[in-house]
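Hi everyone, thanks for coming along.

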Amino acid sequence: MYSEKVMDHFQNPRNVGEIENASGVGTVGNAKCGDIMRMYLDIDENQVIRECKFKTFGCGAAVATSSMATELVKGKTIYEALQITNKAVMEALDGLPPVKVHCSLLAEEAIHAALWDYAEKNGIKIEGLEKPKNDISEGEEEEEY
């Protein structure tokens, strides 16, 4: 059901924790499934992400996507990080079951929320970045079960 990479990032998550005085912190959730993801970014004066940590309350796929997302943004500029999509997170994990795709969306939104917080704190506009939703289930079509 889950790829080896998903299981590895779930069982041995990378970059768990908080960053004190983080440059940007983003918290997003999905009310439908109950997952909550908080991402912390430490961004240097050249707008490069030096450090990235996360805290996630959720299922194994939520932990795995959080872990992979932190790995993908580290060392990237804020504009490169903005380009990381949920598809990129899923591909890096060798895929997710269809019912867990929302976890990768949560990871993408957590990156965006942390970048938004960074931009707000520094009085800058990051071209292409929209104000993140607190709940990623907002605007989703009602799923039938």
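Which residues of the largest nonpolar core touch the most other members? Keep in mind as we go that this is a predicted model. The core has 36 residues, and those touching the most other members are Met39, Leu41, Val73, Ile111, Leu115 and Ile126. As for where the core comes from, at least two residues are supplied by each of S2, S3, H2, H3, H4 and H5. H5 gives the largest share, with 10 residues.

Let's take Leu115 from that list. Setting aside neighbours within four places in sequence, Leu115 is in contact with Leu41, Ile43, Ile78, Ala81, Leu82, Ile126 and Leu129. Two of those partners, Leu41 and Ile126, are also on the list of residues that touch the most other core members.

Now over to H2, please. This helix has 14 residues and runs 20 Å from its first C-alpha to its last, close to the 20 Å expected at 1.5 Å a residue. The buried ones are Ala61, Ala62, Val63, Ala64, Thr65, Ser66, Ser67, Met68, Ala69, Thr70 and Val73. What do they pack against? Their partners are H1, S2, S3, helix H3 (78-82), helix H4 (86-92) and helix H5 (101-122). After H2 comes Gly75, with a positive phi near 85°.

Let me zoom in on Ala61, which sits in H2, residues 60-73. Ala61 counts as buried because its relative accessibility is 0%. Beyond its neighbours within four places in sequence, Ala61 is in contact with Tyr2, Leu96, Lys100 and Cys103. Tyr79 is 18 residues from Ala61 along the chain, and their C-alpha atoms are separated by 26 Å.

Last stop, two loop residues. Asn15 is in the loop between helix H1 (4-11) and strand S1 (24-30), while Gln47 is in the loop between strand S2 (35-43) and strand S3 (49-57). Neither is a glycine, yet phi is positive in Asn15, near 65°, and phi is positive in Gln47, near 65°. Are they buried or partly exposed? Asn15 has 13% relative accessibility, so it counts as buried.

Technical notes. Residues numbered from 1 in each chain as written. Predicted model: local features only at pLDDT ≥ 70, side-chain atom pairs only at ≥ 80, totals over all residues. Heavy atoms only, no water. Helix = DSSP H or I, 4+ residues; strand = E, 2+ residues; numbered from the N terminus. Buried < 20%, exposed > 50% of the residue type's maximum accessible area, 1.4 Å probe, protein only. Contact = heavy atoms within 4.5 Å. Expected span 1.5 Å × (residues − 1). Core = buried A, V, L, I, M, F, W, Y, C linked by side-chain atoms within 4.5 Å.
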